[in-house]
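Trainee: I am new to this structure and would like a close look at a single part of it. Could you take me through the ring pairs slowly, and then through whatever surrounds them?

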Amino acid sequence: DKGRWIDIRFEDTGIGIDEAQIDRIFDPFFSTKPMGKGTGLGLSICYGIIHEHNGSISVKSSKGSGTTFEIRLPKEEASHG
């Protein structure tokens, strides 16, 4: 099964995401930035594009311990024709 997927992982060592917010980060217009500093659409758009391609995106984070995003996309066979 692993050969059918492309797995991508992004990690940082930043401040992490608060547990109370992690369930909302893919919601449209949700932002942790101050008013006027972000639209809250970035992760929502990423989520939509990935799911339209039959993939998945997940996040793991702890306050003060950084964040990891994992993306899984199906491989497609190249068509010859």
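Mentor: Ring pairs link Phe26, Tyr47 and Phe69 into a cluster, where a pair is counted for rings of Phe, Tyr and Trp (its six-membered ring) if their centres lie within 6.5 Å, with planes under 30 degrees apart called stacked, over 60 edge-to-face and the rest tilted. This is a predicted model, in which local features need pLDDT of at least 70 and side-chain atom pairs count only at pLDDT 80 or more, while totals for chains, interfaces and linings use all residues. Residues are numbered from 1 along each chain as its sequence is written, and side-chain values use heavy atoms, with hydrogens and water left out.

The structure holds two aromatic pairs. Phe26 and Tyr47 make a tilted one, with 5.4 Å from centre to centre and 40° between the planes. This pair links distant parts of the chain, since Phe26 sits in the loop between helix H1 (19-22) and helix H2 (42-52) and Tyr47 lies in helix H2, 21 residues apart; helices (H or I, at least four residues) and strands (E, at least two) are DSSP runs, numbered from the N terminus. Phe26 counts as buried at 17% relative accessibility, whereas Tyr47, at 34%, is partly exposed; buried means under 20% relative accessible area, exposed over 50% and partly exposed in between, with a 1.4 Å probe and protein chains only. Phe26 and Phe69 form an edge-to-face pair, 6.4 Å centre to centre with 80° between the planes. That pair, too, links distant parts of the chain, with Phe26 in the loop between H1 and H2 and Phe69 in strand S3, 43 residues apart. Both Phe26 and Phe69 are buried.

Ile57 is found in strand S2 (residues 56-61) and is buried, with a relative accessible area of 12%. The C-alpha atoms of Ile57 and Arg72, 15 residues apart along the chain, are separated by 6.5 Å.

In one, the side chains of Asp7 and Arg72 meet at 2.7 Å, N to O. Asp7 lies in strand S1 (residues 5-12) and Arg72 in strand S3 (residues 67-74), so this pair ties together parts that are 65 residues apart in sequence. In the other, the side chains of Arg9 and Glu70 meet at 2.8 Å, N to O. Because Arg9 lies in strand S1 and Glu70 in strand S3, the pair ties together parts that are 61 residues apart in sequence. Arg9 is exposed, at 54% relative accessibility, while Glu70 is partly exposed, at 24%.

Strand S3 also holds Thr67, which is buried, with a relative accessible area of 6%. The side chains of Thr67 and Ser61 are joined by a polar contact of 2.9 Å, meaning a pair of N or O atoms within 3.5 Å, where within protein one must be able to donate a hydrogen and the other to accept it, and residues adjacent in sequence count only if both atoms are side-chain atoms.

Conventions:
A salt bridge is a side-chain nitrogen of Lys or Arg within 4 Å of a carboxyl oxygen of Asp or Glu.
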